[in-house]
Amino acid sequence: MAVSAFKMLGFFIGFFLMESLVSSAKFDELFQPSWAQDHFAYEGELLRLKLDSYSGAGFQSKSKYMFGKVTVQIKLVEGDSAGTVTAFYMSSEGTNHNEFDFEFLGNTTGEPYLVQTNVYVNGVGNREQRLSLWFDPTKDFHSYSIFWNQRQVVFLVDDTPIRLHANMENKGIPFPRDQAMGVYSSIWNADDWATQGGRIKTDWSHAPFVASYKGFEINACECPASIAADDNAKKCSSSGEKRYWWDEPTLSELNVHQSHELKWVKANHMIYDYCSDTARFPVTPLECLHHRH
């Protein structure tokens with residue numbers, strides 16, 4: 001099997017500029033609780049977030065970033081997780097924010113977890129895709145990653161691409177490349193919509209619902225709050241002697257092996273794609289007309 005371009009990260013780190021980059025596997029070096037700190041449990045390198053009838057919980061990165069790759073390993077809620085959502089995402093701030101979402105939708109015992117992804121650009125989302133996974137995400141830890149450069153946003157599960165959002169600015173379609181983004185995760189009750197359209201409600205007799213985390217990694221360009229957005233975009237882009245690993249030509253698009261992996265995921269695990277929802281979008285969204293995948 002061909003080696004994923006994203007697995008070549010270690011190679012690039014050795015050869016290209018790493019100024020203002022962060023890489024760590026320890027939670028407290030990169031993140032901090034954002035709400036319900038009493039619903040956090042630390043066990044060595046593991047972090048557990050719990051949801052009960054009183055509250056969920058969430059954390060966020062201490063810094064914001066532009067371009068690179070963020071990864072966390074998650075073991076999702078075991079057993080009856082209906083009504084619960086565990087999210088891992090990147091987001092900027094404001095009404096015209098950009099956002100890249102993983103949302104893991106719980107289900108009744110024996111039914112598969114679903115993964116919903118979404119992309120917001122300039123405050124506009126409604127780009128949902130849903131898929132099943134080729135493994136049980138409640139039995140072990142698996143890595144979930146977002147790779148982002150000026151050419152593409154790629155969602156990855158165990159380094160297998162499950163979604164590509166390509167830069168099509170040449171078609172008049174906005175692309176998220178001018179706002180620094182924080183990294184977030186949370187678990188909460190969403191039984192009004194999360195499981196079978198909200199028909200299955202959260203069974204609180206099974207609480208607490210616990211999502212477990214480890215392997216926190218951010219290999220991206222850190223953006224101080226004191227620097228203007230335009231200056232951050234310049235600082236985090238390669239120019240002249242300054243070369244960042246995410247700007248390498250091999251990472252400007254998926255390679256042949258990755259394209260085949262993505263096609264396999266879509267053919268075998270895709271459950272919903274907004275591009276195919278003619279009831280919701282009588283006029284096909286412009287990016288869907290031009291997208292290669």
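Visitor: Why does Cys236 count as buried?

Guide: Buried means under 20% relative accessible area, exposed over 50%, and partly exposed in between, with a 1.4 Å probe and protein chains only; Cys236 has 0% relative accessibility, so Cys236 counts as buried. This is a predicted model, in which local features need pLDDT of at least 70 and side-chain atom pairs count only at pLDDT 80 or more, while totals for chains, interfaces and linings use all residues. Residues are numbered from 1 along each chain as its sequence is written, and side-chain values use heavy atoms, with hydrogens and water left out.

Visitor: What makes Cys221 and Cys236 a disulfide?

Guide: A disulfide is a pair of cysteine sulfur atoms within 2.5 Å, and the S to S distance of Cys221 and Cys236 is 2.2 Å. Cys221 is in strand S14 (residues 209-223) and Cys236 in the loop between helix H3 (229-235) and helix H4 (256-269), 15 residues apart, where helices (H or I, at least four residues) and strands (E, at least two) are DSSP runs, numbered from the N terminus.

Visitor: Why is the disulfide of Cys221 and Cys236 called left-handed?

Guide: The torsion about the S-S bond of Cys221 and Cys236 is about -75°, so this disulfide is left-handed.

Visitor: Why is Cys275 called partly exposed?

Guide: Because its relative accessible area is 25%, Cys275 is partly exposed, whereas its disulfide partner Cys288, with sulfur atoms 1.9 Å apart, is buried at 15%.

Visitor: What is the nearest cysteine sulfur to Cys223, which is in no disulfide?

Guide: The nearest cysteine sulfur is that of Cys236, 3.8 Å away, and Cys223 is buried at 5% relative accessible area.
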